[in-house]
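Biologist: I have the sequence and the model open. Can we go through two residues, one after the other?

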Amino acid sequence: MKNLTQAARILTGLLFVFSGFVKGIDPMGTAFKLNDYFTAFNLGFLDGMAVPLSITLCLVEFIAGMMLLSGSMIPLASWMAALFMALFTPLTLVLAIFNPVSDCGCFGDAIHLTNWQTFFKNVVITLIVVFVFIRRDDRTGTLSVKAGLNFTLLFIFLFLLFMRYNLAYLPLIDFRPYRVGTNISEAMAIPHDAEPDRYDIRFIYEKDGVQKEFTLNDYPANDTTWKFVDQKSVLISKGYEPPIHDFSLLTMEGADMTEEVTGYQGDVMLMIARRLEKSDRDGLVKGYDLGIALRESKTKFYIVTATSHDMAEGFVTGFNALFADETALKTVIRSDPGFILLHNGTVAAKWSYHNLPTIDQFRGDLNALALRAHTAARNRLVIVGSVLVLLLAMAITLPLRLSESQKEQKRQP
């Protein structure tokens, strides 16, 4: 039973760590998902709390997992896991039945599950968590309270630092379709042999005060005694949807510039400012200065926003402005404003306004600049990945070593 308890704690811990980590990679994305929940359940007054709630959610999930893995304060960790599942399992059942939000965001943008898949996943995890909770007083492989507290504080500090980096700059791993290396036009294309959406179309006709539904095969097209009332379509199966399907760029006059921008052979810099009146002021100033410098070097520069035309006029005077859907812009880049360099329609580099290179650097070879940014991002990923693997290895093996030590002490006379 003790071995089974250890295995259940490790499995639960790994699940919680993974879920918390992939959301912590993109805490702003998790905040956007919370906004979706608030809208669906008429809790719009909580919108301003989305970011702190996102950070809290990711932190609690990750720390509960690390505590279970390392044997730190197991009773508290068991309570945290149990309460977490007690809250979210019923919630995912509501989502599965009523479908107010299409994707729960349980694994951020890393893994997308349907609401029913999420519910059944949570049922399985809940069963394991219940066992861990029942066995919470089993001290096998657990740390002392002082050691457990020290480890937990270390995990909290490191994970908060990790989320702070992802918020201030850009997510360490970009799971979205606009990641570096993506050709936007190709990602928007639909293959000629792609499976289309399939609908069950019903026509409602009325005769002598009685309404009846018909299909395409039997509706009374030539019978004038039937009067058409309504039509309804029910999606039977979802067809092919390209990775990028909601991206369009329009001028203030309504002209579609999407193909011209994404199909341009050369370099194009986009400053994405979702709501210019709410975007970071220092970031906007950096963008304006960059736009002037790029214009002098004959590099195309556009301000892309979801701001209303009237509001935008005071912010984009003297620059080429394009308008897009706000939800799409949130997906393109998390920073507000954020900067994207396109080369021949392919995403070559992405920057937050916090780590935007200097204007002098942009006056050089833009491809070389993008390559340096990509190399730096890859190095950061290697460092963080190595630290995470080290922490997980330490957390998993420590209880096992303690368990063996406790067994050895019992054997001694």
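Biologist: Which side chain makes a polar contact with the side chain of Thr262?

Modeller: This is a predicted model, where local features need pLDDT of at least 70, side-chain atom pairs count only at pLDDT 80 or more, and totals for chains, interfaces and linings use all residues. Residues are numbered from 1 along each chain as its sequence is written, and side-chain values use heavy atoms, with hydrogens and water left out. A polar contact is a pair of N or O atoms within 3.5 Å; within protein, one must be able to donate a hydrogen and the other to accept it, and residues adjacent in sequence count only if both atoms are side-chain atoms. At 3.2 Å, the partner of Thr262 is Ser185.

Biologist: Which backbone oxygen does the side chain of Thr262 reach?

Modeller: Thr262 lies in helix H8, residues 258-262. Helices are DSSP runs (H or I, at least four residues), numbered from the N terminus. At 2.8 Å, the side chain of Thr262 reaches the backbone oxygen of Thr258.

Biologist: Is Thr262 buried or exposed?

Modeller: Buried means under 20% relative accessible area, exposed over 50%, partly exposed in between (1.4 Å probe, protein chains only). Thr262 has 4% relative accessibility, so Thr262 counts as buried.

Biologist: How does Glu213 count by relative accessibility, and what is the value?

Modeller: Glu213 sits in strand S2, residues 210-214. Strands are DSSP runs too (E, at least two residues). Glu213 counts as partly exposed because its relative accessibility is 36%.

Biologist: Which side chain is joined to that of Glu213 by a polar contact?

Modeller: Beyond four places in sequence, Glu213 touches residues including Arg202 and Phe203. Contact means heavy atoms within 4.5 Å. The polar contact spans 2.5 Å, and the partner is Lys232.
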